[in-house]
Amino acid sequence: MRHYKMKWHELTEKTGYVSIGNAFVPGYFLTENELVLIDSGPMKSTRLMEMLDERHWKVRAVILTHVHIDHVANNALLLEKFPDIVFYTSQEEADAIASPENMIRDMGFDTVEHAKQVQAIFYPENIHIKGIDMKQSRIQIDDAVFWLISLPGHSVGHTGIVTPDGICCIGDAIVSEDVLRVSKLPYMAYVKEALMSMEKVAELPYETYVIAHQSVERKVDISKIVRDNIAKEHQLSQIACEMLTKPMTKDEVLAKYMKTLHINQRAGIAMVIIVHNAWTRYIDLINQGKIECRDGLLYRKDRADEEGS
């Protein structure tokens, strides 16, 4: 098998990105050979480590848009290579991985055992991720200031990061058009907040945006991408509501919803998160007053009186 070297894609004189798996990992150069990464990628990458070695680059810090496992996969390798590296994220994201109980509360895990399994691999005790109070809204490293934009919803404390030269890295606040076309159920921890963050992205003033899952967009195109993301979510919400043709239990309606979306149910931790992702749509519908829960059954509010009589 041919081994391809990793390529650095320049966006400006100081900012660029590498492609790892299904994601772009941006970086900003503090000096000629010292840089700050935005996230560390969705999978362990020996090619990233080789590129850093070959070019004699040192990663001084990693600023995480959020702490989902597909954004932190190279943290351990980077710490091994650069023992004085610093990891940052929002305080809400740091709190989310502080304990298995918090991971259940904020990240959709179902049991302490499952949370501990993931914590041991991706959030071990030797990797300290510093939580930043979002009221501070900035991280300064040497003379370089990275501005933080609160964009919760995809995760509890999801954050956009603007490099000192104005490249806006928005993580998973929205997904690209290509991803949107094939995604059956984009991940949402909190639907209402995610939609508000999408609208916020459309109003940002920056000229260039890096969407984590492999897209670089200009300001002129962002509004349409945001509209399409919002339309997709409204469609998924409508489908979720339409599943309740009669009173159903949580397990029944989720099974029907995922079958309708052609999501195959299977065993494992990944499925736990997928099921939680589906359930967040129903939590949002309950919060909107479109669905209610009585005696362990879910009802559509516009049919609840008739069904309950």
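Strand E3 (residues 23-29) and strand E4 pair in the antiparallel sense, joined by three bridges. Follow the chain from E3 to E4 and you trace a hairpin, with four residues between the two strands. Keep in mind as you explore that this is a predicted model.

**E4 and its two partners**
- E4 (residues 34-38) and E5 (residues 58-63) run parallel, and five bridges join them.
- Among the residues linking these two strands is Glu-34, whose bridge partner in E5 is Lys-58.
- Strands of a sheet pair through backbone hydrogen bonds, either parallel or antiparallel.

**From E4 to E5**
- Together, E4, helix H1 (residues 46-55) and E5 make a β-α-β unit, and this unit is right-handed.

**Buried or exposed: how do the residues of E4 sit?**
- E4 is mostly covered, with five of its five residues buried.
- On one side of E4 you will find Glu-34, Val-36 and Ile-38, and on the other Leu-35 and Leu-37; all are buried, so both faces of the strand are covered.

**The whole sheet**
- Now zoom out: seven strands form an open sheet, and their order is E1-E2-E3-E4-E5-E6-E7.
- The pairing in this sheet is mixed.
- Strand E1 (9-10) and strand E7 (129-132) stand at the edges; each has a single partner strand, so one side of each is left without a neighbour in the sheet.

Conventions. Residues numbered from 1 in each chain as written. Predicted model: local features only at pLDDT ≥ 70, side-chain atom pairs only at ≥ 80, totals over all residues. Heavy atoms only, no water. Pairing = 2+ DSSP bridges. Buried < 20%, exposed > 50% of the residue type's maximum accessible area, 1.4 Å probe, protein only. Right-handed = clockwise from strand over helix to strand, strands pointing away.
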